[in-house]
Amino acid sequence: MKKIVILTLFPNVFKEYFNTSIIKNAIDKKIVEINVVNFREFSKDKHKKVDDTPYGGGAGMVLTLQPIVDAINCYKRAESKVILLTPSGRQYHQKIAKDFSLSNHLIIICGHYEGFDERINNYIDYSISIGDYVLSGGELAAMVLTDSIVRLYDGSISKESLLTESFENNLLDYPVYTKPYEYDKHFVPSVLLSGNHKKIDKFRKEQQLLKTKTNRFDLYLKYKKNIGD
Ligand code: 6GU
């Protein structure tokens, strides 16, 4: 069974999400065990303090090393990958999710306030950001990572669903339609009702390329480079 340990100051915010849908199913099927831990419990300070003022001055509070490093050491195994969540980390994407999904033991650390004491880098393997915007804390990012990783574990969802998803081969997913055929004078493309699977595949591929080119020109260029033209 895969194991994910999340170190956070706000363990409650994870409960509802992890009790829903694919993640709940993976936990129930014993594909993964997720342990959400409040690292404040590791503070040796008599008031369980986890932060302090920055050396050199400046705004806000900085997370101290002791509670976090002790929490890491408590859960760390030889095979663990320790991931720090911070807006100044490397940008997360599907290939990193795939890489993390191969690991049997992940420790994910959520920051708050002005961030971590820089020396935390001596105790982690990866520093990850989920995008170019600032969140109040790492919890939402930890949910993003956990969701994207757990759904890649064997048995979480069907292999076919994974193969046709966005970002496979650097392309976005093709558009899908369902009933009714007409909604408020908006029609489903008729080729999808033709029963001609060759035509349908061709249409979907064209739409997939068009959508990627329009919405994500950066991905489109990567795709073009990979197919060698
Ligand atoms: Cl991982 N943490 C925070 N606090 N903000 C972020 C982020 C992470 N990734 C993007 N913004």
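Start by selecting proline 180, which sits in the loop between helix H6 (159-163) and strand E8 (182-183); helices (H or I, at least four residues) and strands (E, at least two) are DSSP runs, numbered from the N terminus. Look at the link to lysine 179: the peptide bond joining lysine 179 and proline 180 is cis, with omega about 5°. Most peptide bonds are trans, and most residues other than glycine have a negative phi.

This is a predicted model, in which local features need pLDDT of at least 70, side-chain atom pairs count only at pLDDT 80 or more, and totals for chains, interfaces and linings use all residues. Residues are numbered from 1 along each chain as its sequence is written, and side-chain values use heavy atoms, with hydrogens and water left out.

Next, select aspartate 184, in the loop between E8 and strand E9 (186-187). Its phi is positive, near 50°, although aspartate 184 is a residue other than glycine. Aspartate 184 is exposed, at a relative accessible area of 59% (buried means under 20% relative accessible area, exposed over 50%, partly exposed in between, with a 1.4 Å probe and protein chains only).

Then go to lysine 30, in the loop between helix H2 (21-28) and strand E2 (32-38). Lysine 30 also has a positive phi, about 60°, and counts as exposed at 61% relative accessibility.

Now show the ligand. Which residues are around the ligand? They are Leu85, Thr86, Pro87, Ile128, Ser129, Ile130, Gly131, Tyr133, Leu135, Gly137 and Ala141, where near means that a heavy atom of the residue lies within 4 Å. By class, this shell has seven nonpolar, four polar and no charged residues (Ala, Val, Leu, Ile, Met, Phe, Trp, Tyr, Cys and Pro count as nonpolar, Asp, Glu, Lys and Arg as charged, and the others, Gly among them, as polar).

Zoom in on the nitrogen atoms of the ligand. One lies 2.9 Å from a polar backbone atom of isoleucine 130. A polar side-chain atom of serine 129 is 3.3 Å from a ligand nitrogen, and a backbone N or O atom of leucine 135 is 3.1 Å from a ligand nitrogen.

Colour strand E5 (81-91) and strand E7 (126-129), the elements that give two or more residues to the shell. E5 gives the most, with three residues.

Finish on threonine 86, in strand E5. Is threonine 86 buried or exposed? At 14% relative accessibility, threonine 86 counts as buried.

Key: A polar contact is a pair of N or O atoms within 3.5 Å; within protein, one must be able to donate a hydrogen and the other to accept it, and residues adjacent in sequence count only if both atoms are side-chain atoms.
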